[in-house]
Amino acid sequence: MTTTLPPNQTHPSGDKRLKMLDATIKRHQYQQDALIEILHKAQELFGYLENDLLLYIAHSLKLPPSRVYGVATFYHLFSLAPQGVHSCVVCTGTACYVKGAPAILANLEQLTHIHAGETTTDGQLSLMTARCLGACGIAPAVVFDNKVLGNQTPESVTKRVQEWLGRT
């Protein structure tokens with residue numbers, strides 16, 4: 001049984017974001033095939049996909065939680081933890097790997113004291129990797145806050161991240 005709320009009424013939990021998520025689920029007519037779109041909306045509303053939110057979506061779409069979790073963890077654009085103010089994505093595709101991505105990543109991990117997939121304790125930086133950005137002609141490529149820069153070096157990346165972290 002699905003509960004619909006009258007307009008301008010909040011979700012029973014009091015969280016207006018859940019009301020907006022419910023509207024998205026309803027717009028997709030509770031179709032299980034709309035899972036990716038619904039996860040996108042949930043991440044847009046909440047910033048990341050915490051376990052309770054994944055369970056809520058699974059229940060709403062009558063899907064096993066394992067399927068929802070599987071989709072959320074398969075696609076790198078979904079995050080299961082809060083993201084930092086800034087994001088740095090190192091491409092680890094073949095061209096980038098051959099041209100120095102491992103050194104860039106190792107340097108970043110040493111500088112920030114976090115590993116790929118983690119966020120600094122102060123919440124300033126999330127460090128991630130991508131299997132391929134499709135920017136092989138400018139390898140090694142790094143994405144700084146959604147801006148792709150090519151021909152990067154450990155030094156150029158370190159300089160940018162130090163500025164973000166206030167360590168210049």
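Two strands are said to pair if DSSP finds at least two bridges between them. In this predicted model, strand β2 and strand β3, the latter covering residues 125-130, meet that requirement, because two bridges join them. The two strands run antiparallel, and within this pairing E118 has L127 of β3 as its bridge partner.

Strand β1, which spans residues 86-91, includes H86. With a relative accessible area of 18%, H86 is classed as buried, because this value lies under the 20% limit that defines the class. When residues up to four places away in sequence are set aside, H86 touches Q124, L125, S126, D145 and W164. One of these residues, D145, is also linked to H86 through a polar contact of 2.7 Å between the two side chains.

As for the confidence of the prediction, the protein chain has a mean pLDDT of 91, and 93% of its residues reach 70 or more. Over residues 1-8, however, pLDDT stays under 50, and for this stretch the model has nine contacts beyond four places in sequence. Where pLDDT is low, the predicted coordinates should not be read in detail.

Methods:
Residues numbered from 1 in each chain as written. Predicted model: local features only at pLDDT ≥ 70, side-chain atom pairs only at ≥ 80, totals over all residues. Heavy atoms only, no water. Helix = DSSP H or I, 4+ residues; strand = E, 2+ residues; numbered from the N terminus. Buried < 20%, exposed > 50% of the residue type's maximum accessible area, 1.4 Å probe, protein only. Polar contact = N/O pair within 3.5 Å; in protein donor to acceptor, adjacent residues only side chain to side chain. Contact = heavy atoms within 4.5 Å. pLDDT = per-residue confidence, 0-100.
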